[in-house]
Amino acid sequence: MNHAIDELKVPLDKEIKLRDVDPAGTHGVTRENAADPLMKHLKRLSVLQYLLYAEGRRSLLVVLQGIDAAGKDGTIRRVMSGLNPQGVGVTAFKVPEGEEKRHDYLWRIHKAVPEHGQIGIFNRSHYEDVLVVRVHDLVPKSVWSERYRQINHFENMLSENGATIVKFFLYISKEEQAQRFRKRLEDKRKNWKFSPDDLKEREYWDSYIEAYEDVLRKCNHDYAPWYVIPANHKWFRNLAVAQILVETLEGMKLQYSKPSADVSQIRFE
Ligand code: ADP
């Protein structure tokens, strides 16, 4: 699986075509041999989270994007389950309303960026402002087309100020989405998740793919890389996301901060 992680990273110098990516791909991993590595990664994540907190100088921002039913909620539930709730925050971004609408589109995003020592997970994000907004012409092209540049500047600024950013596009096939919707309709425990709007959105599938491809090309940088995660198989999705998070945190070379006193001199009864 190790080399596969590099394959999931969107290349910086090449235009990605999603039709070249298999959403059911598993990069040679089988369901049976995915379970142990996942457990290992989840344990390691918990240790790394502690270190991030103990260092207290930097943060990790995880952006999760995907078409409806791609598994954003499931990924959060499974991959973040071993984390200490004190050090992690999840923000779900919905249709902007009230105060959010009276500000620029990055205002609510910036407010939710994790403080140093913390992990912040975005369930949807500022990318909606060049995805749903573009697909449905919610603002003119002259407005959304400037946003790629603005987002790059914003993310670059965050990264220069202590945020490590990692972005995941959970990629499922149109057929897999249909199956998940069917399940939502048939399974009483999943009925609540079903929204007729999801079926309407499905008709815009190709426009979403095009909008995602533009995002993956225009907003992919070493300071805020995109990973395309084949997500038809939930077990592969979880393994891949967990492994990338471990590697990202390892790459930060986290260090315990120095104690505020010389602890070797302190004695007490
Ligand atoms: P989810 O599908 O994430 O589980 P919802 O069913 O409440 O949650 O959907 C949230 C909706 O909010 C999505 O349709 C998404 O496209 C929309 N949304 C998020 N951000 C924006 C935005 N900036 N502008 C317009 N719509 C947005």
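Close-up 1. R184 counts as buried because its relative accessible area is 13%, where buried means under 20% relative accessible area, exposed means over 50% and partly exposed lies in between, as found with a 1.4 Å probe on protein chains only. The model shown is predicted, so local features need pLDDT of at least 70 and side-chain atom pairs count only at pLDDT 80 or more, while totals for chains, interfaces and linings use all residues. Residues are numbered from 1 along each chain as its sequence is written, and side-chain values use heavy atoms, with hydrogens and water left out. R184 belongs to helix α8, which covers residues 174–186; helices (H or I, at least four residues) and strands (E, at least two) are DSSP runs, numbered from the N terminus. When residues up to four places away in sequence are not counted, R184 touches A69, K190, N191, K193, F194 and D198, contact here meaning heavy atoms within 4.5 Å.

**Close-up 2. The loop residue K190.** K190 sits in the loop between α8 and α9 (196–202), and with a relative accessibility of 25% it counts as partly exposed. Leaving aside neighbours within four places in sequence, K190 is in contact with K183 and R184. K190 and S207 lie 17 residues apart in sequence, and their C-alpha atoms are 27 Å apart in space.

**Close-up 3. The packing of helices α3 and α11.** Two packed helices are described by the angle between their axes and the distance between the axes. Helix α3 (residues 72–79) packs with helix α11 (residues 234–251) at an angle of about 60°, and their axes are 10 Å apart; axes are lines fitted to C-alpha atoms, for helices over the stretch in contact, and angles run from 0 to 180 degrees between N-to-C directions. That angle makes α3 oblique to α11, a word for whatever is left when angles under 35 degrees count as roughly parallel, over 145 as roughly antiparallel and 65 to 115 as roughly perpendicular. On the α3 side, the contact is made by G74, T75, R78 and V79, and on the α11 side by R237, N238, V241, A242 and L245. These contact residues divide into four nonpolar, three polar and two charged, where Ala, Val, Leu, Ile, Met, Phe, Trp, Tyr, Cys and Pro count as nonpolar, Asp, Glu, Lys and Arg as charged, and the others, Gly among them, as polar.
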